[in-house]
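Q: I have a structure open and would like to go through parts of it. Can you take my questions as they come?

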Amino acid sequence: MFEEAEFIIAVYCLICEYYQRLFPKGVRRGGFPPKLTDEEALTIAIVGEYLGLENDTAIYRYFRQHYSSWFPSLPERSLLIRQWNKLWKVKEKIWQAIVQDWGANLDNLQFIDTTPLPVCHIKRAKQCRIFKGDPLLEVDYGYCETKGYYLGHKGGFRLSFSGMIIYAPLLPARPHDSSLLEVLLQGVPAYTIVGADKGFINLEMQLKLLEEYGILLKTPLRSNMQGREIFKLSQEENRFRRLIETVIAQFTERFHIQRIRARKGWTLLAKWYRKILAHTVCVFLNLIHGRNPIDLEGLVRY
């Protein structure tokens, strides 16, 4: 659809629109503003994430090599990375503004799931000191059917029917998914159907959600479960639920969420929200141009 240059311009215009609406006086209360504007810095980060560039250094080198004339104020790498990290709250607010403008948070059919965010290989876990004592995000041991045991965190996802990410908390690795329902369902409007996989089966919580909040959490049922038809995903609903599996695959393969390099909680948050915002911008551009919302491959022509 877009040429790469057109995509950069589209992202920049969108970010400028939201940044200036949400932060008309800027986000700094003192000191000298950076030569590279926040809108430019966010555009570089979002486009770099979409292009599948694996880390900060790769994004910086790509834009330094191919678009230095577009961004003549591009600073040295360490300054740009620091600027990105300091804008983590800005990324979150722009992402949420896009979600609310589209009305994705009001969809009456939503989907939830989690994915592991390893910090290091399990064999090196005892020697790992990353995030130890971190006030924001303490690492812990977790288990995933595909990856086995790992040390790190979980990434939570709640999606709208269109595939737009509504909510994406960073979660502790140890608890079972079924015990994280209250966190993942924060802000879900009443009379919403939420689709999930079998890992979220929790009859007590499902009854509580239905009786107190009017939220119907539906999953595929195990073969020995009888009398729970109200909580069973229909064949069509289960087909739509696989949408979230596609999105998580995009985050794993294109956005490299399981290879995030961070040593502190706030740095991880900054990179996490950068990836969430990048995906949301791509979905939003697809939607306003009448395309399949989660067709990221076809968004830019190479």
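Q: Let's start with K275. Is K275 buried or exposed?
A: K275 is buried, with a relative accessible area of 3%. Buried means under 20% relative accessible area, exposed means over 50%, and partly exposed is in between (1.4 Å probe, protein chains only).

Q: Before we go on, what sort of model is this?
A: This is a predicted model, in which local features need pLDDT of at least 70, side-chain atom pairs count only at pLDDT 80 or more, and totals for chains, interfaces and linings use all residues. Residues are numbered from 1 along each chain as its sequence is written, and side-chain values use heavy atoms, with hydrogens and water left out.

Q: Ok. Which side chain meets K275 in a salt bridge?
A: That of E49, at 3.0 Å from N to O. A salt bridge is a side-chain nitrogen of Lys or Arg within 4 Å of a carboxyl oxygen of Asp or Glu.

Q: What does R274 pair with?
A: The side chain of R274 meets that of D56 in a salt bridge, at 2.9 Å from N to O. R274 lies in helix α9 and D56 in helix α3 (residues 56-66), so this pair ties together parts that are 218 residues apart in sequence. R274 is buried at 4% relative accessible area, and D56 also counts as buried, at 8%.

Q: Which residues are linked in a network of salt bridges?
A: E49, D56, K271, R274 and K275.

Q: How many salt bridges are there by this rule?
A: The count comes to 17. One of them joins K208 and E182, with the closest N and O atoms 3.5 Å apart. K208 is in helix α7 (residues 203-213) and E182 in helix α6 (residues 181-184), 26 residues apart. K208 is partly exposed at 28% relative accessible area, and E182 is partly exposed at 46%.

Q: Switching to strands. How many residues of β4 are buried?
A: Eleven of its twelve residues are buried. Strand β2 (residues 109-120) is mostly covered as well, with ten of its twelve residues buried.

Q: How many bridges join β2 to β4?
A: Nine bridges join β2 to β4 (residues 148-159), and the two strands run antiparallel. Two strands pair if DSSP finds at least two bridges between them. Along this pairing, P116 stands opposite K154, and T114 has G156 as its bridge partner.

Q: What about β2 and β7, parallel or antiparallel?
A: β2 and strand β7 (residues 193-195) run parallel, joined by three bridges. The bridge partner of Q110 in β7 is V194.

Q: Which strand does a hairpin join to β4 through three residues?
A: That is β3. Strand β3 (residues 140-144) and β4 pair in the antiparallel sense over five bridges, and C144 has G148 as its partner in β4.

Q: How many residues are between β4 and β5 in their hairpin?
A: Five, and G163 in the turn has a positive phi of about 100°. Two bridges join β4 to strand β5 (residues 165-167), and these strands run antiparallel.

Note on methods
Helix = DSSP H or I, 4+ residues; strand = E, 2+ residues; numbered from the N terminus.
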